[in-house]
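Reader: I have a structure to go through. Can we take it piece by piece?

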Amino acid sequence: MGQIKLNQVTKSFGEVQVIPPLDLTIEDGEFTVFVGPSGCGKSTLLRLIAGLEDITSGHIDIDGMDATNVPPAKRGLAMVFQSYALYPHMSVRKNIAFPMKMAGIDEAEQKRRIEAAAKALNLTDYLDRRPGQLSGGQRQRVAIGRAIVREPSAFLFDEPLSNLDAALRVGMRLEISELHKRLATTMIYVTHDQVEAMTMADKIVVLRAGFIEQVGSPLDLYHNPRNESVAGFIGSPKMNLIKGAEAQKHGVATIGIRPEHTDVSMSEGLWKGTVGVAEHLGSDTFIHVHNTGLDTGPGDMVTVRITGDIQAKHGDEIYLTPQLDKLHKFDAQGLRVD
Amino acid sequence: MATQHSRSAARIMMAPAVILLLGWMLVPLIMTLLFSFKKYLPMRGGDLGWVGFENYVRFVSSSAFWPSVSATLIVVGGVLAITIFFGVLLAILLNQPMWGQGVVRILVIAPFFVMPTVSALVWKNMFMDPTNGLFAHLWRFFGADPVSWLSEASLPSIVLIVSWQWLPFATLILLTAIQSLDSEQLEAAEMDGAPPLKRFAYITLPHLSRAITIVLLIQTIFLLAIFAEIFVTTGGAFGTRTLTYLIFQRVLESQNVGLGSAGGVYAIILANIVAIFLMRIVGKNLDA
């Protein structure tokens with residue numbers, strides 16, 4: 001229950017094609033994250049699956065049935081919106097009951113499901129309040145509650161955490177992950193935040209300009225990015241991409257090395273540079289190194305990550321040595337070379 | 001920054017405006033109250049002294065009083081019902097993306113800019129005239145006898161004319177309210193399985209309730225005072241004499257200022273009763 005299959009799906013707004021022909025299969029019970037920079041078509045893709053936008057051509061199959069022309073309500077999917085989209089004039093209880101009321105589920109069953117959802121989401125004390133009286137995190141939980149009670153075959157999340165503050169976001173991230181483990185229902189989650197993608201997903205779909213750049217597990221994407229843009233997008237801080245003479249030594253157009261795969265020394269190493277800004281996080285230190293003489297594109301900066309603390313001040317000389325077995329190589333088209 | 005000094009300076013500088021506005025309101029009000037207790041016939045002897053509550057008693061016991069109250073309520077109620085019903089419909093229609101949206105919106109608002117006297121005359125002569133009016137032609141085209149609207153269906157005709165004038169106002173306010181509705185709420189309701197009519201009933205209409213309240217209150221206040229439309233069409237005949245019109249007749253046609261003033265005081269009381277009613281019924285929408 002909950003396999004979603006996109007077959008040669010396209011979407012155009014007038015003359016502009018925002019989704020070129022696209023194939024994708026989301027397996028039952030999978031937590032799939034669509035991730036990509038803003039404007040990459042990830043939300044559009046989600047809305048196509050939800051049925052809120054009509055697809056221009058192609059097919060969408062849900063559980064093996066062609067759902068291309070099925071109206072949103074009949075697809076058995078539940079969606080959580082970025083703005084939560086709670087009904088402001090209804091109490092939390094009525095908000096959660098709304099989809100069941102529309103489906104004509106009897107009162108006793110409604111009550112049972114509302115109470116179960118409220119208990120699972122810690123909303124029992126707030127059932128008679130209006131959405132306007134709740135905090136951001138509580139509203140988010142009400143929106144999830146409204147989705148759960150429908151017992152959908154898949155959940156769709158459209159950047160649900162982007163309106164929350166950082167601490168709450170981490171908490172809700174965990175709650176949603178736990179919810180997925182408990183319900184084992186297919187979930188599709190759209191975000192521009194690669195940390196959310198990495199921490200939550202079973203499968204990440206990286207999108208750019210409507211194209212799927214790569215599909216894979218978080219670690220697969222981390223270790224084997226298929227091209228430069230995935231390499232730059234996945235991982236934090238970003239991978240250092242180096243062109244020019246240094247890349248020629250390896251026989252490719254671009255080499256990439258992640259900040260955490262670079263050894264740092266104050267006395268000797270392969271590349272020499274000066275310390276710019278050092279960001280001390282306690283557990284880690286990120287150092288931005290300038291004047292390395294490497295072709296790193298605009299900004300002339302190599303970022304390195306050191307576990308623990310290091311006594312490096314602005315302007316100090318520093319030496320970097322990439323771990324050669326962790327080096328990523330890309331050809332002139334930006335594709336991975338093994 | 002508001003020191004004692006600047007506050008008193010502010011008061012002094014605001015005083016002329018406040019005093020002017022207060023005078024503008026208080027002088028006519030007090031004069032109306034004074035006249036209502038006097039026998040005052042300008043062309044037949046002038047001020048004939050105090051008479052106590054006689055004017056009040058005469059105004060209410062006159063055979064024209066209760067019909068005028070009911071005519072007022074019919075006009076106000078009818079216009080409110082029509083403008084709000086069609087206002088909501090039009091607002092929803094105008095909110096749909098369509099070609100020439102800007103022009104259409106201006107056209108819809110246009111009737112509001114036409115002076116009441118002019119629009120009533122246009123309706124009277126162009127549409128409702130029993131021999132040359134458009135309606136008469138239409139009726140004859142289908143082989144029916146033309147209706148002489150303003151005498152046979154006088155109150156509905158007045159309601160129609162005034163509704164035409166006030167529909168743009170209602171539409172405009174409701175349209176801005178509809179535009180502020182979060183589209184994600186409608187989409188969420190769609191995902192939740194609500195068909196269009198239920199989406200309207202459960203999402204759009206509650207969202208509009210506050211705007212509807214505002215339209216209701218503002219229009220009631222203005223509709224209680226409509227005058228020009230009646231003056232140029234029926235002249236108060238055929239049961240279209242509203243309270244406002246009755247007061248006008250008492251003061252200017254019968255030249256009885258005292259009696260008219262007493263009617264004016266009743267009108268103030270009626271307007272306040274309506275206002276209190278409305279506040280009671282829908283006022284709680286304004287708190288939320």
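Predicted model: local features only at pLDDT ≥ 70, side-chain atom pairs only at ≥ 80, totals over all residues.

Reader: How many bridges join β12 to β18 of chain A, and which way do they run?

Author: Three bridges join strand β12 (residues 254-257) of chain A to strand β18 (residues 328-330) of chain A, and the two run antiparallel.

Reader: What is the strand order in that open sheet?

Author: The order is β11-β12-β18-β19 in chain A, four strands with antiparallel pairing.

Reader: And which strands stand at the edges?

Author: Those are β11 (240-242) and β19 (336-337) of chain A. Each has a single partner strand, so one side of each is left without a neighbour in the sheet.

Reader: Switching to helix α3 of chain A. How many residues does it have, and what does it reach end to end?

Author: Helix α3 (residues 107-120) of chain A has 14 residues. From first C-alpha to last it reaches 20 Å, close to the 20 Å expected at 1.5 Å a residue.

Reader: Which residues of α3(A) are buried?

Author: Ile114(A), Ala117(A) and Ala118(A) are buried. Looking down the axis of α3(A), its buried residues fall within an arc of 100°, so they line one face of the helix.

Reader: Why would residues three or four places apart point the same way?

Author: An α-helix has 3.6 residues a turn, so residues at that spacing point the same way.

Reader: What covers the buried residues of α3(A)?

Author: The cover includes α2 (92-103) and α4 (136-148) of chain A. On the other side of α3(A), Ala108(A), Glu109(A), Arg112(A) and Lys119(A) are exposed.

Reader: What follows α3(A)?

Author: Asn122(A) follows, with a positive phi near 60°.

Reader: Now the interface. How many residues of chain A are in contact with chain B?

Author: 15 residues of chain A are in contact with 13 residues of chain B. On the chain A side, β6 (77-80) and α2 each supply at least two residues.

Reader: Which element gives the most?

Author: α2(A) does, with four residues. The chain A side that touches chain B divides into 13 nonpolar residues, two polar and no charged.

Reader: Last topic, the largest nonpolar core. Which residues touch the most other members?

Author: The core has 89 residues, and those touching the most other members are Val33(A), Phe34(A), Ile49(A), Met79(A), Ala143(A), Leu156(A) and Ile188(A). Apart from that core lies another of 40 residues, including Leu208(B) and Ala267(B).

How values were computed: Residues numbered from 1 in each chain as written. Chains lettered and ligands numbered in written order. Expected span 1.5 Å × (residues − 1). Buried ≥ 20, exposed ≤ 12 C-beta atoms within 10 Å, placed from the backbone. Arc of directions from axis to C-beta. Contact = placed C-beta atoms within 7 Å. Nonpolar A, V, L, I, M, F, W, Y, C, P; charged D, E, K, R; others polar. Core = buried A, V, L, I, M, F, W, Y, C linked by C-beta atoms within 7 Å. Pairing = 2+ DSSP bridges.
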